[in-house]
Amino acid sequence: MSRWYQESKKNSDVVLYSKIRLARNLADFPFPNRMSREVRKNVTKKIYATVKSSPVANEFDVINLADASRAKALSYAEKQYISPQFAKDTENSAFMLSADEDISIMMCEEDHIKINAFEAGQDLNEAYRKANELDDIFIRSLKIAYSDKLGFLTSSPINLGTGLKASFALHLPALVQQNALYKLSAMVSKLGLSLRPLHKDGAGDVYVLSNLVSLGISEKSAIDNVDAICTQIVKQERAAREQLSQDKDFEDKIYRTLGILKMARKLNESELLDMVSLVRLGISLGYFDIDYSTAGELMFTMLNATIVDKAGADISEDMCSELRARLVREKLE
């Protein structure tokens, strides 16, 4: 069964994935940051029972982070299924994950319910369809906190209204090479959106485009706004890639990078992300006969915590780099 990061769909040369997040809360309980442990357990059980008594019951497994290793918990965060903060509070955290891993439901994180739905490529409408199906189940079965004036009530005022965040993960190596990200980020912020790096220090050249406003705007309008800006950024990135393709020195750099990945005996996380970014760019320019699915696996399943989890034990930084390099070589054979 393929995962969303292994699939290639609309505009996948630039858009890694589309994501819809919906935040919901139960009306008769305090927000998670004011809950006792017993109340948290009670709310978690109610949310879990609602899904397990619904038509989608067989599609989800519950994952109790108290039973997971620290590396396993952080690995889930690396794959975007849960937030890094949620992964660190393993004693009190549990979430549900669909069999194909395209939907996760965090229970009692910042809000009681946080639905994350993914779709490969540029397709927010499909991601929204998945999230909305679950949202309807919760609204029918639970008393959800809602105000006629403010919409869905959330722990953070930023999420009031629809409680929806629509996001794209964009691979923008050519715009990064042109030093265009600062100007682009400033432009989208004026439109009520944000553009921020997915990884620390912009490693991998992946940036997340998302809406900042959820109050006073419909879910459809929010999705359409983000989608329209995404389409414009895709065009800009492709134009920048076309310019880069004329640079023979840069072409040589891309080919050399693939050679390093195929031969390296040590790779740290930032090296991996930056090199895979260049190889993925080379795929889009027709240099390599490599699938985007391979690049997606390297980007999302070779990060630090996931490597430690694969090792099955705590390992040193050097051992982590060695294991990563070996796994990358095997994937590129």
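Author: Let us begin with burial: a residue is buried under 20% relative accessible area, exposed over 50%, and partly exposed in between, with a 1.4 Å probe and protein chains only. In this predicted model, buried residues make up 56% of the 333 residues in the chain. Residues are numbered from 1 along each chain as its sequence is written. Local features need pLDDT of at least 70, side-chain atom pairs count only at pLDDT 80 or more, totals for chains, interfaces and linings use all residues, and side-chain values use heavy atoms, with hydrogens and water left out.

Reader: Why does the radius of gyration of the chain agree with a compact globule?

Author: The radius is taken over C-alpha atoms, and the globule rule is 2.2 Å times the number of residues to the power 0.38. For 333 residues the rule gives a value near 20 Å, and the chain has 21 Å, which agrees.

Reader: Which residues of helix α6 are buried?

Author: An α-helix has 3.6 residues a turn, so residues three or four places apart point the same way. Helices (H or I, at least four residues) and strands (E, at least two) are DSSP runs, numbered from the N terminus. In α6, residues 181–189, the buried ones are Leu181, Leu184 and Val188. Seen down the axis of α6, these fall within an arc of 65°, so they line one face of the helix; the arc is that of the directions from the helix axis to the C-beta atoms. The face turned away from the buried side carries the exposed residues Tyr182 and Lys183.

Reader: Against which elements do the buried residues of α6 pack?

Author: They pack against α5 (173–177), β9 (193–197), β10 (206–211) and α7 (219–244), where contact means heavy atoms within 4.5 Å.

Reader: What volume does the largest pocket have, and which residues lie nearest its centre?

Author: Rolling a probe the size of a water molecule over the atoms shows where empty space is left. A pocket is an open set of points on a 1 Å grid over the protein atoms alone, where a 1.4 Å probe fits, with protein on both sides within 12 Å along at least five of seven lines; lining residues have an atom within 4 Å of a point. The volume of the largest pocket is about 1,400 Å³, counted as the space filled by probe spheres set on the points, which are joined across faces, edges and corners. Its lining has 48 residues, and Ala77, Glu78, Gln80, Pro84 and Leu198 lie nearest the centre. Helix α2 (residues 70–78) gives the largest share of this lining, 5 residues.
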